[in-house]
Amino acid sequence: MNDSIFAIVQNGTVSTHPGQVDGFLSKMWNGIGGWQIAITVLATLMAYDQFQYLYKKGSIAGPRFKIPFIGPFLQGINPKFEAYEAQWASGKISCVSIFHKFVVLVSDRDLARKTFTSHNFVKVCLVPMAELIMGANAWVFLDGRPHIEFRKGLVGLFTRRSLQSYLPIQEKVWSDYFQKFVAASEKNSGRPMEHMTHFREINCALSCRTFVGNYISDEAVKKIADDYYCITAALELVNIPLSLYIPYTKVWLGKRAADGVLAEFARCAAASKRDMAAGQQPVCIVDQWICSMIESQSYHDRIAAGEVDVEKPTVLVRQFSDAEIAQTMFTFLFASQDASSSATTWLFQITAQRPDVLDRVRQENLDVRGGDIDMPLSLEMLESMTYTNAVVKEVLRWRPPVIFVPYTCKKDFPITDTYTAPKGAMVIPSCWPALHDPEVYPQPQVFDPERWITGDASEKVKNWLVFGNGAHDCIARQYVQLTMTAMIGKASLEVDWVHHATERSEEIKVFATLFPMDKCPMVFTQRPRP
């Protein structure tokens, strides 16, 4: 009997010699190459990745199969607006999966509003890299009661009284930059030049001056405007995992630019605290905020000292550190820079393409000033500009500066009766479809300011998702509307501009928000005084 094979049939069972098993496994293992192991492991992981995607997808619209592991990552590096439109049109809810992240896109108005207000199920995440760039403890990422309490302390920064106090410094920024636009066109011999970059810079200067006044230098404003390209690129919806730790990647550069902005704003906060403590008048947002802190602290001190009948401030705020103030100002800059730059670019392009619209804006602005173009602006004047406000609102509807807001599911989120987004998924309610709904806005692709004056567009509040909805909606919605109205009105009186249209002027470029694909070639000239 062969010693290598020892089998005994006993009581209806077969026993095998232990040496036989060892030898068989050894031969089998030796016969398998490294490539075979690698391919087997890869195939198993691919199958698991595919299964996970299909399981989470369920019955909603989306690709039938996922590109292994990466999904539509390559398309996300250079996103096309037409791809977003196709995704929205594919269903009220649709999905994609990029690397490990499952993404649900919500295009239906009512489901988008539901997502905005379902704070028990979702929390704001903006983009995957946002917390790394801006700081996980930034107020926009706070949830529930902490977010509500923090936001209460910011409401006073956007009251009518506060908005009025910002106008003088804003008017100076606009006049200075309109002259820079004219000088740039003259230097270019009157030839058209791309103005998207100029519009980004004027909005950065406007934001910085409104936020931190003259505590920041012109050189620092210019550097922030230039560096903010890195921050925007780092905060795109799709980025390479772990790129924060890879030198000279978009995220790595963006993080360093963000740290520089935070340091500059912290320095400004410290300077503001010194000035407000000395009794100087507030002229910017950080001044107003610190005045609220001083007022609240004084109230607490007087109560603690036993005083009675002490008038309580409208809003009591705690004392914030320089770093906290800087971080909050940075979130304001994040919320305003790309969105406002987009709206400004489209606003100047659209009015240049429609001389009748610009003529009405110019006449209205001249009338409210009584013919004196040097008359300082007031809130009452801005609010009385019916047509100019309608133009701004139509720009925000026609080319919304925010097309979606990403959220993360804190737990399984029943978006509809038939579909539940899994915990950890990203859910993205979209604003564009609601703002281009033909049943609400007739001929939605037509730019028509009259719909806000003689039409009923203002009554369609459920579709007005330009500023989001719910507890995390834009705290500065009135500020944005009035600031855009003031800017285009002042420009209409001080300068002329001509848009040199190209075949790509109406194409939409997606860079955090929406811009003309040709970057808005224009020529600015000085307008004669009336």
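**View 1. K393, a partly exposed lysine in a predicted model.** In this predicted model, K393 is partly exposed, because its relative accessible area is 21%. Buried would mean under 20%, and exposed would mean over 50%. K393 sits in helix α16, which covers residues 386-398. Which residues does K393 contact, leaving aside its neighbours within four places in sequence? They are W452, S458, W464 and Q481. Look at Q481. K393 and Q481 are 88 residues apart in sequence. In space, their C-alpha atoms are 7.4 Å apart.

**View 2. Helix α8 crosses helix α18.** Two packed helices are described by the angle between their axes and the distance between the axes. Here, helix α8 spans residues 160-187 and helix α18 spans residues 477-494. Their axes come within 10 Å and cross at roughly 40°. That angle makes α8 oblique to α18. The crossing of α8 past α18 is right-handed. From α8, the contact takes in L163, Q170, E171, W174, S175 and F178. On the α18 side, these meet Q478, Y479, L482, T483, A486, M487, K490, A491 and E494. By class, this contact of α8 with α18 has eight nonpolar residues, four polar and three charged.

**View 3. Helix α14 packs against helix α18.** Helix α14 runs over residues 355-368. At what angle do α14 and α18 pack? The angle is about 95°, and the axes are 9 Å apart. So α14 is roughly perpendicular to α18. In α14, the contact residues are L358, V361, R362, N365 and L366. In α18, their partners are I488, G489, K490, S492 and L493. Five residues of this α14 and α18 contact are nonpolar, three are polar and two are charged.

**View 4. Y84 and W88, an aromatic pair.** The structure holds 32 aromatic pairs. In one of them, the ring centres of Y84 and W88 are 6.0 Å apart. Their planes lie at 25°, so the pair is stacked. Planes under 30 degrees apart count as stacked. Y84 and W88 both belong to helix α4, residues 81-89. They are four residues apart, about one turn of the helix. Are these two residues buried or exposed? Both Y84 and W88 are buried.

**View 5. A cluster of aromatic rings.** Ring pairs join W139, F150, F158, F211, W289, F320, F332 and Y479 into a cluster.

How values were computed: Residues numbered from 1 in each chain as written. Predicted model: local features only at pLDDT ≥ 70, side-chain atom pairs only at ≥ 80, totals over all residues. Heavy atoms only, no water. Axes fitted to C-alpha atoms, helices over the stretch in contact; angles between N-to-C directions. Helix = DSSP H or I, 4+ residues; strand = E, 2+ residues; numbered from the N terminus. Parallel < 35°, antiparallel > 145°, perpendicular 65-115°, else oblique. Left-handed = near helix turned anticlockwise from the far one by under 90°. Contact = heavy atoms within 4.5 Å. Nonpolar A, V, L, I, M, F, W, Y, C, P; charged D, E, K, R; others polar. Phe/Tyr/Trp six-rings, centres within 6.5 Å; stacked < 30°, edge-to-face > 60°. Buried < 20%, exposed > 50% of the residue type's maximum accessible area, 1.4 Å probe, protein only.
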